[in-house]
Amino acid sequence: MKQYRVRFTPDAEDDLLRLYDFLLEQEFAAAERALDAIRSGIEVLRLSPFSCRKAAADNPLLRELVIPFGAAGYVALFEIDGPKTVTILAVRHQREDDYH
């Protein structure tokens, strides 16, 4: 089975830190559980990134991964860069208006 390499843009890494810091202010355990949920969700991209929903009608390689967590969850915007690489462009909480 083919596996994709998953990489993050600097903006996506900043998003993860922002989301983690927000939860860390509330409760350390919640921040750690959220990070674990995001890590687990991203594992889907290693095996089947095309199973995720399209983010734009005109670009079939730009997609979104929905990551369940609690009552809402997170959404990772990513692009399939080729036959072996997926790049995560941004991560947001589902209740946020849009990607930062």
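Modeller: The radius of gyration is taken over C-alpha atoms, and the globule rule is 2.2 Å times the number of residues to the power 0.38. This is a predicted model, in which local features need pLDDT of at least 70, side-chain atom pairs count only at pLDDT 80 or more, and totals for chains, interfaces and linings use all residues. Residues are numbered from 1 along each chain as its sequence is written, and side-chain values use heavy atoms, with hydrogens and water left out.

Colleague: Why does the radius of gyration agree with that of a compact globule?

Modeller: For 100 residues the rule gives a radius near 13 Å, and the protein has 13 Å, so the two agree. Along the principal axes, the C-alpha atoms fill a box of roughly 40 × 30 × 25 Å.

Colleague: Which secondary structure does the protein have, and in what pattern?

Modeller: Helices (H or I, at least four residues) and strands (E, at least two) are DSSP runs, numbered from the N terminus. The protein has two helices and five strands, in the order β-α-α-β-β-β-β.

Colleague: What makes a set of residues a nonpolar core, and which members of the largest one touch the most others?

Modeller: The members must be buried Ala, Val, Leu, Ile, Met, Phe, Trp, Tyr or Cys, joined through side-chain atoms within 4.5 Å; buried means under 20% relative accessible area with a 1.4 Å probe, protein chains only. The largest such core has 23 residues, of which Leu45, Leu65, Ile67, Tyr74, Phe78, Val86 and Ile88 touch the most other members. Helix H2 gives the largest share of this core, six residues.

Colleague: Why is a space called a cavity, and how many of 30 Å³ or more are found?

Modeller: On a 1 Å grid over the protein atoms alone, a cavity is a set of points where a 1.4 Å probe fits but cannot get out; lining residues have an atom within 4 Å of a point. Grid points are joined across faces, edges and corners, and a volume is the space filled by probe spheres set on the points. The search finds one cavity of 30 Å³ or more, and the largest cavity holds about 60 Å³. Helix H1 (10-26) and helix H2 (28-47) each give two or more residues to its lining, which includes Leu16, Ile38 and Tyr74.

How values were computed:
1 Å grid on protein atoms, 1.4 Å probe; cavity = no way out; pocket = protein on both sides within 12 Å on 5 of 7 lines; lining within 4 Å. Buried < 20%, exposed > 50% of the residue type's maximum accessible area, 1.4 Å probe, protein only.
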